[in-house]
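Reader: I have not read a structure like this before. Please take me through some of its features one at a time.

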Amino acid sequence: MTSLRNKIILALVLIGVVLFMVIQIVIIPENEAQSEQYQLAQQSPLTHDLESILPYKNKYMGATSNLVMFNHLPLDQLKRTFQLRPEKFTIEIHYEDKTTDVEAKLFKQAMLYNSVSAFALVDNLQTIEYRFSDTTIVATRVAMQGLFGEDLASLLTKEKWRTSVQDKLRDDKFVEEGMKQLINE
């Protein structure tokens, strides 16, 4: 009887060790790789996940929680501070970096993507000033509506977002024309 119990205990220990090794060697690295891939995809406007910013939908721009959305948009890795100007319905984003510190194509796509995202999510936001150390870029709701459609909030479904925003940003000509709509100071 004791011999059978010892064999069962030994079998359970071996099963536990094997399961522990499978978890440590296969499952955890696979999950980490998927998480890393997701984070990398979030840096591109073409593959960014709309779902990650939908919780920041708000009617009014005065809430500081609106600023958190920029932590979930492309260029979130750049150091920055924020200033709300509720009297002008404006968000100022002060970046420590130069515009040339970011690859040019990604930078242009991100400026348009982040702008349309913010205007679609915050109903009364009218202007975003991106202040880099070498220039200031100003995006307005009117300019984004001209590029992406009148009712930006109506774009906030996965399918519409992909076709009306992300697919358009794949077109270099559209991106160049879109950047002309932004004001450089």
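Author: Keep in mind that this is a predicted model.

Reader: Which residues form a nonpolar patch on the surface?

Author: The patch is made of Ile9, Val13, Val17, Val18, Phe20, Met21, Val22, Ile23, Ile25, Val26, Ile27 and Ile28. Together they have about 1,000 Å² of accessible area.

Reader: Why is Thr90 called buried?

Author: Buried means under 20% relative accessible area. Thr90 is at 2%, and therefore buried. Thr90 is part of strand 2, residues 90–95.

Reader: Which residues does Thr90 touch?

Author: Leaving out residues up to four places away in sequence, Thr90 touches Met61, Gln83, Leu84, Arg85, Leu125, Thr127 and Glu129.

Reader: Which residues touch the most other members of the largest nonpolar core?

Author: That core has 47 residues, and those touching the most other members are Met111, Tyr130, Met144, Phe148, Trp161 and Leu169. Among the elements that give two or more residues to this core are strand 2, strand 3 (127–131) and helix 5 (158–169). Helix 3 gives the most, with 10 residues.

Reader: What does Leu169 touch?

Author: Not counting residues up to four places away in sequence, Leu169 touches Pro45, Leu46, Gln109, Leu112, Tyr113, Phe148, Phe174 and Val175.

Technical notes. Residues numbered from 1 in each chain as written. Predicted model: local features only at pLDDT ≥ 70, side-chain atom pairs only at ≥ 80, totals over all residues. Heavy atoms only, no water. Patch = residues over 30% accessible without salt bridge, like charges linked within 9 Å, V, L, I, M, F, W, Y side chains within 5 Å. Areas by Shrake-Rupley, 256 points an atom, 1.4 Å probe, with all protein chains shown as cover. Salt bridge = Lys/Arg side-chain N within 4 Å of Asp/Glu carboxyl O. Helix = DSSP H or I, 4+ residues; strand = E, 2+ residues; numbered from the N terminus. Buried < 20%, exposed > 50% of the residue type's maximum accessible area, 1.4 Å probe, protein only. Contact = heavy atoms within 4.5 Å. Core = buried A, V, L, I, M, F, W, Y, C linked by side-chain atoms within 4.5 Å.
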